[in-house]
Amino acid sequence: MPSLKLEKKLLAQGYPLIAGVDEVGRGAWAGPVVAAAVVLPLDRPDLTRVLRGVNDSKQLTAKQRERFFHLIKEVALSVSLGGASPRHIDRDGILAATRTAMRRAVSMLTVQPKALLIDAVDLSQAVPLYQLHPFHGDSISLTIAAASIIAKVTRDDLMRHWDEVYPGYFFAKHKGYGTKLHQQMLKERGVCEAHRKSFKPIKKVMGEIREIEGK
């Protein structure tokens, strides 16, 4: 389970306010990439007890994530979000778009952190703060895990909205990832504006459609 070990290390180094940063949606074929930044009250003695069960969002059920989403927002000193659209991803690439989403999330915090804990992404070129970038950070750091939950619940809500904007693709179910259902809908309906047209599976569908139309 995530702990405050890294946070305590940074506190001991003289960084009193620490933001955890994580993203959701990098591997999806459609929809935005969404990042969240969370600053927890690390001086609160009962923090780990209050947030017991908070973990990497992928390890939690939708119901658990929803419950922790509201709890984190109540407990945190500040919670913020940033995103990058499919067009932004197509233009700049997924890693650059992810960094943009994370930078936007950090910039929207109402409490200015002195250091960042980021899940495996280096933001040092974009954000002039001391940073640690642990791999699988959402399974190590409680602050990053909290950010992963905020990002995941927010993006899932966005994909339910996109399901209404682009009906027939079942975005509310697969959230834009390359599931069998999504692949079937792409075969039946083709590509829509929600899709990341620079991604190979989407390029392939677009090529197949052009080939059929050309015959």
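What follows is a walk through this predicted model, from its overall build to its sheet, its cores and a couple of single residues.

A word on ground rules: residues are numbered from 1 along each chain as its sequence is written, and side-chain values use heavy atoms, with hydrogens and water left out. Since the model is predicted, local features need pLDDT of at least 70 and side-chain atom pairs count only at pLDDT 80 or more, while totals for chains, interfaces and linings use all residues.

Let's start with the whole chain. Follow the sequence and you get the pattern α-β-β-α-α-β-α-α-β-β-α-α-α-α. The C-alpha atoms fill a box of roughly 70 × 35 × 25 Å along the principal axes. For 215 residues, a compact globule would have a radius of gyration near 17 Å, and the chain's 18 Å agrees with that (the radius is taken over C-alpha atoms, and the globule rule is 2.2 Å times the number of residues to the power 0.38).

Of the 215 residues, 49% count as buried, meaning under 20% relative accessible area; exposed is over 50%, and partly exposed lies in between, with a 1.4 Å probe and protein chains only. The chain exposes about 10,700 Å², and carbon and sulfur atoms supply 54% of that. Those areas come from the Shrake-Rupley method with a 1.4 Å probe, and for residues only the protein chains shown count as cover. Among contacts (heavy atoms within 4.5 Å) with a separation of 6 or more, residues 24 or more positions apart account for 66%.

Now to the sheet. The 5 strands form an open sheet in the order β3-β2-β1-β4-β5, with mixed pairing; two strands pair if DSSP finds at least two bridges between them. β3 and β5 stand at the edges with a single partner strand each, so one side of each has no neighbour in the sheet. On average, neighbouring strands are turned by 20° against each other, direction ignored.

β2 (residues 33-39) and β3 pair in the antiparallel sense over 7 bridges, and A37 has S80 as its bridge partner in β3. β3 itself (residues 78-84) has a covered face made of S78, S80, G82 and A84, whereas V79, L81 and G83 make up the uncovered one. Next, β1 and β2 are antiparallel as well, over 6 bridges, with D22 opposite A36 in β2.

T143 lies in α6 and is buried, with a relative accessible area of 0%. Beyond residues up to four places away in sequence, T143 touches L4, E7, I18, A19, G20, V38, L40 and L42.

In soluble globular proteins, nonpolar side chains tend to be buried together. Here the largest nonpolar core has 33 residues, and V38, L40, L51, V54, I72 and I149 have the most contacts inside it. Such a core is a set of buried Ala, Val, Leu, Ile, Met, Phe, Trp, Tyr and Cys residues joined through side-chain atoms within 4.5 Å. The elements giving two or more residues to it are α1 (5-12), β1 (18-24), β2, α2 (47-50), α3 (62-75), β4 (115-118) and α6 (142-165), and α6 supplies the largest share, 9 residues. Apart from this core lies another, of 24 residues, including A84, A105, L116 and F199.

For a contrast with buried T143, look at R52, in the loop between α2 and α3. R52 is exposed, with a relative accessible area of 61%. Its C-alpha atom is separated by 9.4 Å from that of P2, 50 residues apart along the chain.

Key:
Helix = DSSP H or I, 4+ residues; strand = E, 2+ residues; numbered from the N terminus. Axes fitted to C-alpha atoms, helices over the stretch in contact; angles between N-to-C directions.
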